[in-house]
Amino acid sequence: MDLVTFEKLLSPAGQLLLDEVAQSAGKESDLALGTRLRKTYASALVAAAVTQNHLRGKAVAKFGDDARRMYFTHDALEQSTRQRVAAHRASRLASTGAEAVVDLGCGIGGDLIAMARAGLRARGVELDPVRAAIAEANLRALELGGEVTTADVRKVEIGKDEVAFIDPARRDGRGRTFSTSDLQPPWEWVCRLLEGRAVAKVMPGLAHDAVPHGVEAEWVSDGGDLVEACLWGAPFATATRRATVLPSGTGLVSIGELAALAQPGSYIYEPDDAVIRSGLVGELAGDIGGWLMDPRIAYVSSDRAVTTPLARGFRVIDELPFREKPLKAALQVRRIGTLTVKKRGVDIVPEELIKRLKLKGPNPATVIMTRVRGDGRAFLVERA
């Protein structure tokens, strides 16, 4: 979609077309709908309206009810921040006493919307004129304040009262990148920003040693999915590493906890990916009164049941043989037919193991296969 077409979509005629597409969707095929509408509207405008209606439906997963009033492109929707994650970051930023923020590379405005809703004076900068226009339109559609300008973020003057927010592009000509050296704007430029009042959203696979000195790295998961690492510039840093689990908002910070090592207890806990990626499994063990079963494996054990958003708990029913043949025999005795295998630190492909076991029976079961002090062990468990 080009800028001229998008501007036409915002016109009264374009809005009538969007409404008609939304009301007709599902009642006739896209082909029939497009053929009928092209008798009244230009082909490019019809295509844009049909695409918007499709993207609005797809965007509900990220933006909730707001999606029905917003505008998107395929790529920008895929790259945009989930509403819950953006709201968490904006709320935390507002709690620091910040009053204004400039979103450098705001895309279609996902974070900009959250910042405006958090009471921050929000300004967006975007190099792509179509995305800039969409971000502006999204603010207006949701009746929020803020402004968006089209410019190169590295040439924008940041106000003394503004916090800089940057989400460097994580794609190059080959697709998604997992290296800081491929980010745009360049990683060195982002790091300089983080020396002051700045916040950066980066890939969740960011290496710990890539985090600039004095900057806090917060790994965030949403609904069990690890979605990003957020770097809080030196003036905002309150820890070196943090894990935040949404939607609960439960957090864990690094305190240098050295967890005890012991044999498995009555319960085994599988930490949330944000906890694992932030390297806070030891802190989790201390938080729930548990211990590690192996110094290199991200499972925590304890003798008491604990309910926490930071981990999934399993009650140990029995220990089973680790080797395949006796494991199969033990499962057959229990008439297990549907098996879930969870594994860490062992050379096992769960799907292939389950296929080889050829289990038949009426009962389901979950088995955790891992290493304890270097030895392979298997445990029959149930959700706690």
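How many disulfides does the count come to? It comes to zero, a disulfide being a pair of cysteine sulfur atoms within 2.5 Å.

This is a predicted model in which local features need pLDDT of at least 70 and side-chain atom pairs count only at pLDDT 80 or more, while totals for chains, interfaces and linings use all residues. Residues are numbered from 1 along each chain as its sequence is written, and side-chain values use heavy atoms, with hydrogens and water left out.

**View 1. Cysteines Cys 106 and Cys 191, with distances to Cys 230.**
Cys 106 is in no disulfide, and the nearest cysteine sulfur, in Cys 230, is 17 Å away. For Cys 191 the closest cysteine sulfur is also that of Cys 230, at 14 Å, which is too far for a bond. Cys 106 counts as buried at 7% relative accessibility, and Cys 191 counts as buried at 19%. Buried means under 20% relative accessible area, exposed over 50% and partly exposed in between (1.4 Å probe, protein chains only).

Helices (H or I, at least four residues) and strands (E, at least two) are DSSP runs, numbered from the N terminus. Arg 123 has 17% relative accessibility and therefore counts as buried. Its side chain reaches the backbone oxygen of Glu 157 at 3.2 Å. Leaving out residues up to four places away in sequence, Arg 123 touches residues including Val 101, Asp 103, Leu 112, Glu 147, Ile 158 and Glu 162; contact means heavy atoms within 4.5 Å.

**View 2. Helix α8 (residues 129–141) and its cover.**
The 13 residues of α8 should span 18 Å at 1.5 Å a residue, and the end C-alpha atoms are 18 Å apart, which agrees. The expected span is 1.5 Å times one less than the number of residues. Asp 128 caps the N-terminal end, with a side-chain oxygen 2.8 Å from the backbone nitrogen of Val 130. Just after the helix, Glu 143 takes a positive phi of about 60°. The buried residues of α8 include Val 130, Arg 131, Ile 134, Asn 138 and Leu 139. Among the elements covering the buried residues of α8 are α1 (3–10), α5 (74–79), α7 (110–117), β2 and β3 (147–150).

**View 3. The largest nonpolar core, with 51 residues.**
A nonpolar core is a set of buried Ala, Val, Leu, Ile, Met, Phe, Trp, Tyr and Cys residues joined through side-chain atoms within 4.5 Å. Leu 9, Leu 17, Phe 72, Leu 93, Val 101 and Val 199 touch the most other members. Helix α4 (residues 43–63) supplies the largest share of this core, eight residues. Apart from this core lies another, of 42 residues, among them Val 202, Val 215, Val 281 and Ile 288.

**View 4. An open sheet of seven strands with mixed pairing.**
The strand order is β13-β14-β12-β15-β18-β17-β16. β13 (291–292) and β16 (336–343) stand at the edges with a single partner strand each, so one side of each has no neighbour in the sheet. Two strands pair if DSSP finds at least two bridges between them. β16 pairs with β17 (residues 363–372) in the parallel sense over seven bridges, and Leu 339 has Ala 365 in β17 as its bridge partner.

**View 5. Val 316 in strand β15 (residues 311–320).**
Val 316 is buried, with a relative accessible area of 18%. Not counting residues up to four places away in sequence, Val 316 touches Gly 265, Ser 266, Tyr 267, Ile 268, Phe 379, Leu 380 and Val 381.

How values were computed. A polar contact is a pair of N or O atoms within 3.5 Å; within protein, one must be able to donate a hydrogen and the other to accept it, and residues adjacent in sequence count only if both atoms are side-chain atoms.
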